[in-house]
Amino acid sequence: MALNDMHAEAVAGVVDRVVARYHRDPTCMVQILREVQEACDWISPEAIDRMQVTLGVPRTKIEGVAGFYAFFYTEPRGKYRVLFSDNITDRMLGSKAMMDRLCNSLWVERGKVSEDGLVSVAQTACTGMCDQGPALLINNYAIAGLTAERIDEIAELIRGKVPLAEWPPAYFKTEDNIRRADILLNADFKPGEALLAARARAPSDGLNSSNMRSWREGLPSGIGGPGATLDEIKRANLRGRGGAGFTTGLKWEACRNAPLKAGAQRIVVCNADEGEPGTFKDRVLLSRNPDLVFEGMTVAAYAVGATRGFVYLRGEYRYMLDHLNAVLAHRRRQNLLGKDILGLPGADFDIEIHVGAGAYICGEESALIESLEGKRGTPRNRPPFPVTNGYLDQPTIVNNVETFAAAALIALNGGDWYAAIGTKHSAGTKLLSVSGDCERPGIYEYPFGVSIRQVLEDCGATDTQAAQVSGPSGICVAEAEFDRIIGFEDIPTAGAFTVFDNTRDMFEVARNYVHFFQHESCGFCTPCRVGTSLLKNLMDKLHNGCGSPYDFTEIEKLNQLLQSMSHCGLGHTACNPVLDTIAKFRPYYDQRMIQQDFTPAFDLDRALSSARQMTGRDDAGAHLVSENGGAA
Amino acid sequence: MSHTFTLDGKTIPFVDGQTIIQAAGAAGVFIPHLCYHPEFKPHGSCKLCTVKVNGRHTASCTMRASPGMVVESETEEINAERRALTQMLFVEGNHFCPSCEKSGNCQLQATAYHLGMMSPHYDHFFPNRAVDASHPEVLLDFNRCILCSLCVRASRDVDGKNVFALSGRGIKTHLIVNAKSGELGDTDFTLSDKAAQVCPVGVILKKRQGFAVPIGERKFDKAPISETAETTGGR
Ligand SMILES: Cc1cc2nc3c(=O)[nH]c(=O)nc-3n(C[C@H](O)[C@H](O)[C@H](O)COP(=O)(O)O)c2cc1C
Ligand code: SF4
Ligand code: SF4
Ligand code: FES
């Protein structure tokens, strides 16, 4: 059968099989689209025809969803779909040269499909391999640590049409690079022990037995294990590790107390979307100790009375899916998931994994829930909040991977033990994903309160001019601030820690981040959809040497507008990298100012470049020298 | 239960469940908006209706009113921000008012007048969007779509047809119709659909009607948008 040219019948067969496996449930649309594409290489109009019939949903809905996610293709795509990670650290490690090498070798233009329909090569946002870049995804499987030789080998395999399954397994090996471990990464954890500890903590006096629901309702009266577990989480002072730092105990309590409508259940969601460029600690936690994370989810289910759980795994981590599913299956056999967990009557809980498809915004919890429901990942209007009206309008908690891992340890060792670690306002430890200009990139686990300077020293960073903490939406810290600490009282972080030494141009760093936000804006609200594009254009204007102080005022104004009018956190923070770098690394901007006043973005000479390309002329006579010397 | 809040110092009564814009509309007070329509479920995407509630910005079409709220709307600060939003919408699409059939009946244009927008300010994006003339009665000129989703909601919730939806993401978000060919002519859309009447700008246009009412005598030529009953929700 010719590539990309499956017969309608074959496509229908694939669709039927996938749709049947998801019980004809349109809320599984994202999973269905992903699997259909894995089998057919793209989502053809014929596939949509068939989905429309078998799922009973209008075509507009399917096309609307398929069109939202970067990893879904509604146009024919190569049999091999190569995406190079375009995070700033991948760039610093030479990803662009790697991509050019592959494109040249395969005779394919970036962003296009090769003429024989075999391969396409393009870029994608950070793939979460910053400690071992440059990295790429091939049909959503990660290959890290690229070298020129490896690129040549890959080109050869593609040319030879070798099926991905037959490629050398070593290519797909990723490193954990754990450089400093503390309670989480050192945990010598045996599956089930946190749950046993939680159950044992049930008070016998029945004080906590009020307000028992769902799996608690099945428990013998007087046992308040869930209440006691919740108390430990509160006592631990645990705050969410996904960035915003909301108090976990309060979130869980609100969900537990939310009224249940008839037939509804409570839901636990693990946010493994990890889209913030520079963050890869959830990947390592999941590959290193998935049991700890799943057990934390089960502890949460026990505490709030949930019966259904989801892991929302980012599409970039598709390669982990089979392994994670095997771990879940093993837990079911151990009676740590499923019915009557650990023999507790009514203790029912199970976990499904949903895989995303290349949309950073799906890390935002309400967009994540929309995506879980098989929709476009657009953030919802709030209130109501997910704790009362989440997945399919049921009470839902969404927590970060690391939050669940910490919760399991708290269930095991108690809240007081945990609260004693870290600082007063930031209990426990934090995983940092360190990458960039340093000798030892990787995962560092510290008690909260560690200084930026300490981290830089530990990772072997020298001549550092800046550290970007918490990724593009976080904060850029210059040398004068290196004694500031990681913690909710000073610099909170989801986990990214990107190091830039004195050779780096901080303007280009900010520009990369702005491109990221522009690309990842969901497009729902006007200020962010248009504002991030305007900001990108302004940064490109500066990059092209057409900057003036006027542009700063424009950036300031855009920032104001995005902050105040945007619908969600993406829009609110989209200008941060620019403002931070203007404030702290002004010379990089000043060197791009060629006029004191105003310079238009339009450059006559540049406008002629396509004409030059078409005519094959590039002599002096084919150039205009503009007044401001902007011809480059 | 009936309560009140204040809007620019004026006392506004409301009943439980009403959003700020609904209560304001019922009291005859205009808050600029584009994606809100009193007959449809609020959406909250255009952000034109943003007000300050107890000092914090929020979309008034989705925010439930609560007793004692202090709401600011017609301030120079907020209107400047709203003006920037309309400018953004103008440069994002291709809005050449003098050549548009909807001119004078267009909510985007009228809102821009209301906010005193004098120029587009930003560089135009000049997107390349093809017109769909496949339907016998209706023309779709995507050049002017502001992605308000009103047609989507009307078709889904009132007509029960799902003729329209949004696809794409970010700045590439665009309107699609329910046909394999992608053309309106291949859908079950009709002129009597609710979705045929809701577009606030000049995208969904009835064919052979152009300029039936001369420019100068159209809705917003006669009265500014802030005084038009339809937009305060008083219909
Ligand atoms: C644009 C955006 C992206 C986000 N991405 C993530 C993410 O990748 N992972 C994550 O855990 N939280 C992410 N969040 C935060 C979540 O919305 C939510 O606060 C978090 O998952 C709650 O978990 P926690 O309380 O355990 O931190 C994101 C938020 C925004 C606004
Ligand atoms: S702020 Fe950006 S990402 Fe968030 S809803 Fe608006 S367009 Fe979408
Ligand atoms: S066609 Fe009109 S009603 Fe529909 S989304 Fe676009 S602007 Fe809104
Ligand atoms: S009218 Fe409220 S956001 Fe559009």
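The legends below describe close-up views of a predicted model.

**Figure 1. The contact between chain A and chain B.** Chain A contributes 43 residues to the contact, and chain B contributes 37 residues. About 3100 Å² is buried between the two chains, with carbon and sulfur atoms giving 58% of that area. On the side of chain A, the residues that lose the most area to chain B are Thr60(A), Arg529(A) and Met565(A), which together account for 21% of what that side buries.

Figure 2. Four salt bridges are counted between chain A and chain B. In one of these salt bridges, Arg529(A) pairs with Glu92(B), and the closest N and O atoms are 2.6 Å apart. Arg529(A) is also among the residues of chain A that lose the most area to chain B. The count of residue pairs in polar contact between the two chains, both residues at pLDDT 80 or more, is 20. Five helices of chain A each supply at least two residues to the side that touches chain B: H3 (45–55), H4 (59–68), H20 (506–520), H21 (526–543) and H22 (549–565). The most is given by H21(A), with eight residues. Sorted by class, this side of chain A has 17 nonpolar, 17 polar and nine charged residues.

**Figure 3. The surroundings of ligand 3.** The residues that surround ligand 3 belong to chain B and include the cysteines Cys145(B), Cys148(B), Cys151(B) and Cys199(B). Also in the shell are Ile146(B), Leu147(B), Ser149(B), Leu175(B), Pro200(B), Val201(B) and Val203(B). By class, the shell around ligand 3 divides into ten nonpolar residues, one polar residue and no charged residues.

**Figure 4. Arg331(A), a buried arginine in helix H14.** Helix H14 of chain A spans residues 321–333 and contains Arg331(A). The relative accessible area of Arg331(A) is 0%, so the residue counts as buried. The side chain of Arg331(A) is joined to that of Glu295(A) by a polar contact of 2.8 Å. Leaving out residues up to four places away in sequence, Arg331(A) touches Glu295(A), Asp291(A), Phe294(A) and Thr298(A), as well as Pro191(A), Leu195(A), Leu336(A) and Leu337(A).

Figure 5. Helix H12 of chain A covers residues 281–288 and is largely enclosed by the rest of the structure, because six of its eight residues are buried. The buried residues of H12(A) are Lys281(A), Asp282(A), Arg283(A), Val284(A), Leu285(A) and Leu286(A). Lys281(A) is also one of the residues in contact with Ala494(A). Ala494(A) is placed in the loop between strand S13 (475–478) and strand S14 (496–501) of chain A. With a relative accessibility of 13%, Ala494(A) is classed as buried. The C-alpha atom of Ala494(A) is separated by 8.5 Å from that of Val469(A), a residue 25 places away along the chain.

Figure 6. The closest N and O atoms of the salt bridge between Glu35(A) and Arg21(A) are 2.5 Å apart. Glu35(A) lies in helix H2 (residues 29–40) and Arg21(A) in helix H1 (residues 8–21) of chain A, so the pair ties together parts 14 residues apart in sequence. Glu35(A) is buried at 13% relative accessibility, whereas Arg21(A) is partly exposed at 45%.

Figure 7. Asp483(A) and Arg453(A) meet through their side chains in a salt bridge of 2.9 Å, N to O. This pair links distant parts of the chain, 30 residues apart: Asp483(A) is in the loop between S13 and S14 of chain A, and Arg453(A) is in helix H19 (residues 452–458). Asp483(A) is exposed, with a relative accessible area of 54%, while Arg453(A) is partly exposed at 36%. A further salt bridge joins Asp490(A) to Arg484(A), with the closest N and O atoms 2.8 Å apart. Asp490(A) is partly exposed, at 26% relative accessibility, and Arg484(A) is likewise partly exposed, at 26%.

How values were computed: Residues numbered from 1 in each chain as written. Chains lettered and ligands numbered in written order. Predicted model: local features only at pLDDT ≥ 70, side-chain atom pairs only at ≥ 80, totals over all residues. Heavy atoms only, no water. Contact = heavy atoms within 4.5 Å. Buried area = accessible area lost by both parts, 1.4 Å probe. Polar contact = N/O pair within 3.5 Å; in protein donor to acceptor, adjacent residues only side chain to side chain. Helix = DSSP H or I, 4+ residues; strand = E, 2+ residues; numbered from the N terminus. Nonpolar A, V, L, I, M, F, W, Y, C, P; charged D, E, K, R; others polar. Near = heavy atom within 4 Å. Buried < 20%, exposed > 50% of the residue type's maximum accessible area, 1.4 Å probe, protein only.
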